[in-house]
Structures are given as structure tokens and as C-alpha cells.
Amino acid sequence: MGRLLVVLLLAGSIAAADRKTKNVILVTADGLRRQEIFTGIDPMLMREKAAGMDKAPGEALRRKLWAETPEQRRERLLPFLWRRLAPRGVVLGNVEKGSAVTVTNRFRKSYPGYSEILTCRAQDDRIRNNDAIQNPHPTVLEYARLSWNLERTGVALFASWDVFRVIGENQPGTVFINAGYQSAAGTPRLEELSRLQLDALSPWNEVRHDYVTAEMAFEHLRKYKPRVLYLSLGETDDWAHDKRYDRTLQAAQYFDRTLERLWQTLQSMDEYRDRTTLLISADHGRGSQLSDWFDHGAQINGAEHIWMAALGPDTPPQGEATNTATVHQRDISATLLDLLGLDWRAFCEDQGKPVALIAP
Ligand SMILES: [Zn+2]
């Protein structure tokens, strides 16, 4: 063994031993734009009839969310993210302040984005749209479960969108997945939610309400105490596609309230308190014009821009990141593995790398 390799191995094991993070909770909000994350309610859309903002709910939302500065507006829309998480963690992706987070894949669609998040690389052209084909590459969820030889419930994915049944793993059955209109069992609450999702249908066949997804994830967290939990919310994307900016904003508010409850729950449990990192991001951006704010894809300008946030015992308090090197979507699973002290290089090869602002 060469001396350099010995030094590198020692450095790696010391860094891993220093980590306080023992669990990671990953949360994504589908297609939630960086515009809303960093500047709150959009003045271009907030009175727009074509965006569903001309009727009474729109007026009430404007009164509630409007303020003079972008910093005030984003705090009104996402109070947990900006008042609680940011001061103790970090939020990346405000292009106006010199911090960019971009997707590496050229498709700017959901499955390519989620696969980039979960496999540490932009996929080749096999994953170019949202067709429900089994993920051709092992995911970070599978890698974590197999590295630690955990029970299947020890690495869990709850998603509103049903295609996650094939996005989440390369070998079916490796990790615990509950996605779309799918029932869950094991506790009375899980059985209640399994019935409720069919009594309170969303407008979409492939996406159930985020409420059901989040409540199931909370219940799984309390019962099985997974080391890695991925909560994937979907309504921020579907309401935007339906050109309902009012509901898109309300889905973003639900996302923020869910983060707050999640963090409170984690800090109330011995298994998670002060040893859990929350990683948050999105699968793609969207357009910034009246003609394309609801859409995304290879042809939509700006849809490559996403954002990222983290809160946990290994992430220094930095607030809003400014003037940083560009970070990529494929870096998320490298960051997750590095925080957990797992060998991210073996999984990521020469693709994604840990984000230094999150896992220094
Ligand atoms: Zn999406």
C-alpha cells in the first residue's frame, strides 16, 4: 500500500468518525421553483387570472403573502425554512446572490431529476422522461441499506407520485417503498391513511395528496425508526401544471409546515435528536415567464436551476449561501453518504461529490 493511500484512508476514517450524523432525512418538493424559495409570492403571477389568482382565495393569499422585499415575502411563504432552518443551517441556489444549484441531466424532468438525486449521476438516455421503467442504476437508498445490512424498513421512501415504485430501487424489494395510491399496514394510523387516500382523492391518477404521504412517513418514522428516510412531496408540481398558482403556493406552505413538524418530531426522539441531518431539494425548476412558469423540460429556460437546503449537527450555520461555486443535483447522494460516514466514492465513482457547505 502506497504512503499516499494510507494517508488518504486515515484522513477518510477520521473525517467519518468525526461526523455526528447517524441518520439522514431527505425531503423533496417536486418542481418547487427557486423563485418562490428565494423571493416568495411572484408579483408577475399573483393577480393573474390565467394562474387562478383572480378569485377570492387568490386575494386572501396575496394579502397574507405579499410584502415589499423578497426577504420578507419568502419568510411569509416559508417561515420554517427562513426563520428556523436557514439561521442554523444553509440554503443554496439563489442565482441573484451568486449561488447556483443546477441539474446535470439535460431533460429537466422528474424521473431524470430524481434518478440524478438518488444515483449520484445524470443518467444516460434510458431515463429521459417519466416512463415507469425500473431504475437501471442502484440507488443511494439501496447502497445504504446493503452497506449496513439493515432491515428493509430501515431505509424507507414515501412518495406522492407512483413512479417512485421503480425510481427508488434497481433491485425490486431492496428498500421499503410506498408511492402513489398504495396502502400501508402495521399500525391503526397507517390503515386509516390507506383508506383515507381513496376517500379523499387528488385530481390526478398518479399522485395522491401530500398529506397522506407525509402522515404515512411520520408514522413509519415513529414505528420503525429508519436510518434513511426519503419523503417525496408532489403537489407543488401538479398544481403548477394545472396553472393553479394559488394551490401551488398552498402546497409550498404545506411543504414548509411539514418540514417544521418533521424537525420537531426528530428532535423529540432519542434515536434522532442532534444526530440527524435534514437534506432538502427539488427534481427540476420551471420557467420564469407567464408563458412557461407552469412548465419544465429541456426547452424551458431556467428549468435547470434548483435549490438545496440542509440542517443538521455537521452543517455549520451559514444562512443563505452567497458567491459559492456551482453545486449540482448529482451531489446530493454523495453528501448524504459522506454525512453518514459511508464510502461515497465507491458509489459515486467520478460523478457527484459532497457539497462542502453541507458536509465540510
Ligand atoms: Zn417533477
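Read along the sequence, the donor residues of the zinc ion follow the spacing D-x79-S-x172-D-H. This is a predicted model, and in it the protein donors are Asp30 (OD), Ser110 (OG), Asp283 (OD) and His284 (NE2), sitting 1.9 to 2.1 Å from the zinc ion.

What about the geometry? The angles among the four donor atoms run from 93 to 139°, and the site of the zinc ion comes out as irregular. A tetrahedral label would need all angles to lie between 85 and 135 degrees. For reference, the ideal angle for four tetrahedral donors is 109.5 degrees.

Now for a pair of helices. The axes of α10 (residues 210-224) and α12 (residues 245-267) come within 12 Å and cross at roughly 5°, so α10 and α12 count as roughly parallel to each other. On the α10 side, the contact is made by Asp210, Tyr211, Ala214, Glu215, Phe218, Leu221 and Arg222. From α12 come Tyr254, Thr258, Arg261, Leu262, Thr265 and Leu266. What kinds of residues make up this contact of α10 with α12? They split into seven nonpolar, two polar and four charged.

Conventions:
Residues numbered from 1 in each chain as written. Predicted model: local features only at pLDDT ≥ 70, side-chain atom pairs only at ≥ 80, totals over all residues. Heavy atoms only, no water. Donors = N, O, S within 2.8 Å, 3.2 Å for Na, K, Ca; no water. Tetrahedral: all angles 85-135°; square planar, octahedral: opposite > 155°, others 65-115°. Axes fitted to C-alpha atoms, helices over the stretch in contact; angles between N-to-C directions. Helix = DSSP H or I, 4+ residues; strand = E, 2+ residues; numbered from the N terminus. Parallel < 35°, antiparallel > 145°, perpendicular 65-115°, else oblique. Contact = heavy atoms within 4.5 Å. Nonpolar A, V, L, I, M, F, W, Y, C, P; charged D, E, K, R; others polar.
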